[in-house]
Amino acid sequence: RVVAFHESGHALVGWLLEHTEAVMKVSIAPRTNAALGFSQMLPRDQHLFTTEQLFERMCMALGGRAAEAISFSRVTSAGKCPSGKGSDKL
């Protein structure tokens with residue numbers, strides 16, 4: 001349940017913000033690469049970003065943690081790999 005809220009947080013923030021990539025797929029099925037779920041965005045062929053674009057990308061990356069904090073009043077390690085290095089990427 002936490003993974004579903006986490007991934008939907010990424011997707012919802014990505015959908016609502018103007019300068020983020022389009023949401024292509026969201027899955028909460030565990031994968032072999034230690035990810036409990038993922039939100040896949042359509043990548044843009046863009047290498048230079050404005051401050052606003054970067055800010056909105058950061059908001060999207062933190063959308064999973066925000067959804068957990070709002071829904072469960074706590075944040076889990078759902079956005080982290082077993083190594084402790086975060087798997088939520090900008």
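Reader: Let's start with the contacts in the protein chain that have a separation of 6 or more: what percentage of them comes from residues 24 or more positions apart?

Author: Keep in mind that this is a predicted model. Contacts in the protein chain with a separation of 6 or more are the ones being counted here. Residues 24 or more positions apart account for a share of 53%.

Reader: How many of the 90 residues, as a percentage, count as buried?

Author: To count as buried, a residue needs under 20% relative accessible area. The chain as a whole exposes about 6,200 Å², with carbon and sulfur atoms supplying 61% of that. Of the 90 residues, the buried share is 27%.

Reader: Now H1. How far apart are its end C-alpha atoms?

Author: H1 has 15 residues, and at 1.5 Å a residue they should span 21 Å. The model agrees with that, since the end C-alpha atoms of H1 are apart by 21 Å.

Reader: Which elements do the buried residues of H1 pack against?

Author: The buried residues in H1 are Val3, His6, Glu7, Gly9, His10, Ala11 and Gly14. Their packing partners include two strands, E1 (23–27) and E2 (38–41). The helices they pack against are H2 and H3.

Reader: What is the C-alpha to C-alpha distance between Arg1 and Ile28?

Author: Arg1 is in the segment before H1, and at a relative accessible area of 71% it is exposed. In sequence, Arg1 and Ile28 are 27 residues apart. In space, their C-alpha atoms are apart by 9.0 Å.

Reader: Which residue forms a salt bridge with Glu21?

Author: Side chains of opposite charge can pair when their charged atoms come close. The count for this structure comes to one salt bridge, and the closest N and O atoms in it are 2.5 Å apart. It links distant parts of the chain, from the loop between H1 and E1 to helix H2, 36 residues apart. The partner of Glu21 is Arg57.

Reader: Last stop, H3: how wide an arc do its buried residues cover around the axis?

Author: The buried residues of H3 (63–72) are Gly63, Gly64, Ala67 and Glu68. They sit on the same side of H3, because the arc they cover is only 140°.

Reader: What covers those buried residues of H3, and which residue takes a positive phi just after the helix?

Author: The cover includes helix H1 (2–16) and helix H2 (51–61). Just after H3, a positive phi of about 60° is taken by Ser73.

Definitions and conventions:
Residues are numbered from 1 along each chain as its sequence is written. This is a predicted model: local features need pLDDT of at least 70, side-chain atom pairs count only at pLDDT 80 or more; totals for chains, interfaces and linings use all residues. Side-chain values use heavy atoms; hydrogens and water are left out. Buried means under 20% relative accessible area, exposed over 50%, partly exposed in between (1.4 Å probe, protein chains only). Helices (H or I, at least four residues) and strands (E, at least two) are DSSP runs, numbered from the N terminus. The arc is that of the directions from the helix axis to the C-beta atoms. Contact means heavy atoms within 4.5 Å. Accessible areas come from the Shrake-Rupley method with a 1.4 Å probe; for residues, only the protein chains shown count as cover. The expected span of a helix is 1.5 Å times one less than its number of residues. A salt bridge is a side-chain nitrogen of Lys or Arg within 4 Å of a carboxyl oxygen of Asp or Glu.
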